[in-house]
Structures are given as C-alpha cells and as structure tokens.
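Please load the model in your viewer and keep the sequence panel open beside it. The tour below moves from one selection to the next and says what is found at each stop.

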Amino acid sequence: MNIENAQKQVDDWIKNHGVRYFNELTNMAQLTEEVGEVARIIARRYGEQSEKESDKNKDLGEELADVLFVVLCLANQTGINLQDAFEKKLDLKTKRDHERHHKNQKLK
C-alpha cells in the first residue's frame with residue numbers, strides 16, 4: 001500500500017465509521033497524545049526507565065499506527081497529498097544529507 005492509498009482508506013473509514021473528521025486542532029491534540037504513548041513505550045522498553053507491569057503488553061506497532069492514522073487524517077482534511085509531500089521530502093533529504101552523514105565522524 002502506498003501513502004495515497006492509505007489516505008483514501010482513512011477517508012473511507014471516516015465516512016463509513018467516524019461520521020466526520022475531528023477538527024484540525026482536536027486532531028493535533030490527538031496526534032500529540034498518540035506520540036506521547038509511543039514515547040512512553042520507547043522510554044520504558046528501550047530507554048533507562050523501568051517498564052511498569054501495565055505497560056508490558058502495550059503494542060508499539062499499534063501505537064505507531066495510531067500516530068500514522070491521525071497524520072493521515074490531518075493530511076486529508078488540509079488537502080495535502082502526503083505521497084507527493086513525502087517523495088519531495090525524501091528527495092530533498094537525499095540531496096542535502098547524503099554527504100553530510102557519510103562525513104559525520106560521530107556516525108562512524
């Protein structure tokens with residue numbers, strides 16, 4: 001599945017199950033909440049914090065999918081073709097960062 005198809009799937013889901021999109025500010029707040037859930041899992045599972053018993057069954061993939069879902073919602077409701085935007089960004093990063101990263105002694 002490409003990003004354009006994912007945006008359509010989310011739009012179809014909203015129309016069939018979600019009634020309507022939450023407004024952009026609500027979705028931004030939801031995105032922040034979902035990113036926080038990802039951060040909690042990463043910090044406790046891979047970082048130095050101890051993992052609480054209640055967090056051990058949390059599914060990182062599911063939480064990342066929540067983040068993606070809200071990002072796709074925001075793209076849809078603001079008229080962004082995320083496939084095009086992603087391809088442009090990847091091209092920019094490739095041109096800008098290839099030499100920089102290869103020459104970075106910290107990455108050796």
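This is a predicted model: local features need pLDDT of at least 70, side-chain atom pairs count only at pLDDT 80 or more; totals for chains, interfaces and linings use all residues.

Begin by selecting Gly79, which sits in the loop between H3 and helix H4 (82-103); helices here are DSSP runs of H or I with at least four residues, strands are runs of E with at least two, and both are numbered from the N terminus. Gly79 counts as exposed because its relative accessibility is 65%, where exposed means over 50%, buried under 20% and partly exposed in between, with a 1.4 Å probe and protein chains only.

Residues are numbered from 1 along each chain as its sequence is written, and side-chain values use heavy atoms, with hydrogens and water left out.

Next, colour the protein chain by secondary structure, which shows 4 helices and 0 strands, in the order α-α-α-α from the N terminus.

Which residues make up the largest nonpolar core? Select Leu31, Val38, Ile41, Leu60, Val67, Val70 and Leu74, which form this core of 7 residues; a nonpolar core is a set of buried Ala, Val, Leu, Ile, Met, Phe, Trp, Tyr and Cys residues joined through side-chain atoms within 4.5 Å. Helix H2 (24-45) and helix H3 (60-77) each supply at least two residues of this core, and H3 gives the most, with 4 residues. A second, separate core has 6 residues, including Val10, Ile14, Leu72 and Cys73.

Stay with Leu74 and display its surroundings: apart from neighbours within four places in sequence, Leu74 is in contact (heavy atoms within 4.5 Å) with Glu24, Asn27, Met28 and Leu31.

Finally, zoom out to the whole protein chain, of whose 108 residues 22% are buried. Its radius of gyration, taken over C-alpha atoms, is 18 Å, whereas a compact globule of 108 residues would have one near 13 Å, by the rule of 2.2 Å times the number of residues to the power 0.38. Along the principal axes, the C-alpha atoms fill a box of roughly 50 × 45 × 25 Å. Among contacts in the protein chain with a separation of 6 or more, 62% join residues 24 or more positions apart.
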